[in-house]
Amino acid sequence: MRVTAVYPGTFDPMTVGHIDVARRASSMFDDLIVAVAASTTKSPFFSLEERVDMATTILSDLDNVTVQSFGGLLVDYASEVGSKVIVRGLRAISDFEYEVQIAGVNRHLAPNIETVFIAAAQEYTFLSSSIVREIARLQGDVSEFVHPEVVESFARRHHRAIHEGYA
Ligand code: COA
């Protein structure tokens, strides 16, 4: 039986930390669906379509990985796609409390779905999508933290902002 895992997130944008988790998860499971959250309490900088397109390009070399968007409850989405495994990356001990709480809620909602934690790469434990967005907003170099596709997306956004007169 093939085991499909779901790696959910806002991915606004996907960072090298996320890529590392996705790569490692893809080697652990038969199939991995990177699930980009549509409706989130965050107000994403990149549109859902942009986030899905970027992640699709970034992970295109991984044969068993697909990228999809989802709305509603994560456990409902996982059931819909036939997955019993949710993958989350843990960067630091500070992530732990929150992640264990969410894993507990999800287990309560769907006892047949397990959350698996992957320790994020040590050298990027400080990294988050909002840090990357802040550096990019202030015209800093984010190329060490994201795939070139994301660097280009930020540049496109910046040029558009200049063109429309609000940068
Ligand atoms: N490398 C770098 N950054 C990482 C990382 C890694 N390995 N792992 C996590 N992060 C960052 C993320 O980029 C994000 O950064 P930001 O806050 O600066 O944008 C942060 O750590 C984690 O944010 P969080 O909100 O915990 O997770 P998320 O945005 O990645 O995804 C969902 C959250 C979408 C999975 C979750 O909200 C969800 O499941 N929503 C659907 C509704 C639902 O079912 N809720 C659960 C029941 S209440």
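**Terms and values**

Mentor: The structure holds seven aromatic pairs, a pair being two rings of Phe, Tyr or Trp (its six-membered ring) whose centres lie within 6.5 Å. This is a predicted model, in which local features need pLDDT of at least 70 and side-chain atom pairs count only at pLDDT 80 or more, while totals for chains, interfaces and linings use all residues. Residues are numbered from 1 along each chain as its sequence is written, and side-chain values use heavy atoms, with hydrogens and water left out.

Trainee: Why is the aromatic pair of F126 and F145 called edge-to-face?

Mentor: Planes under 30 degrees apart count as stacked, over 60 as edge-to-face and the rest as tilted. The centres of F126 and F145 are 5.9 Å apart and their planes are at 80°, so the pair is edge-to-face.

Trainee: What makes this pair a tie between parts apart in sequence?

Mentor: F126 lies in the loop between β5 (114–119) and α5 (129–137), whereas F145 lies in the loop between α5 and α6 (148–163), so the pair ties together parts that are 19 residues apart in sequence. Helices (H or I, at least four residues) and strands (E, at least two) are DSSP runs, numbered from the N terminus.

Trainee: Why is F126 called partly exposed, and why is F145 called buried?

Mentor: Buried means under 20% relative accessible area, exposed over 50%, and partly exposed in between, with a 1.4 Å probe and protein chains only. F126 has 45% and is therefore partly exposed, while F145 has 12% and is therefore buried.

Trainee: How do you know that R157 lies over the face of F45?

Mentor: The criterion asks for NZ of Lys or CZ of Arg within 6 Å of the ring centre and within 35 degrees of the ring normal. R157 is at 4.6 Å from the ring centre of F45, and ring pairs link F45 with F46 and F154 into a cluster.

Trainee: What makes F11 buried, and which residues is F11 in contact with beyond its neighbours within four places in sequence?

Mentor: F11, in the loop between β1 and α1 (16–28), has a relative accessible area of 3%, so F11 counts as buried. Leaving aside those neighbours, F11 is in contact (heavy atoms within 4.5 Å) with H18, V34, A35, V36 and R51.

Trainee: How do you know that β1 and β2 pair?

Mentor: Two strands pair if DSSP finds at least two bridges between them; β1 (residues 4–9) and β2 have six, in the parallel sense, and therefore pair.
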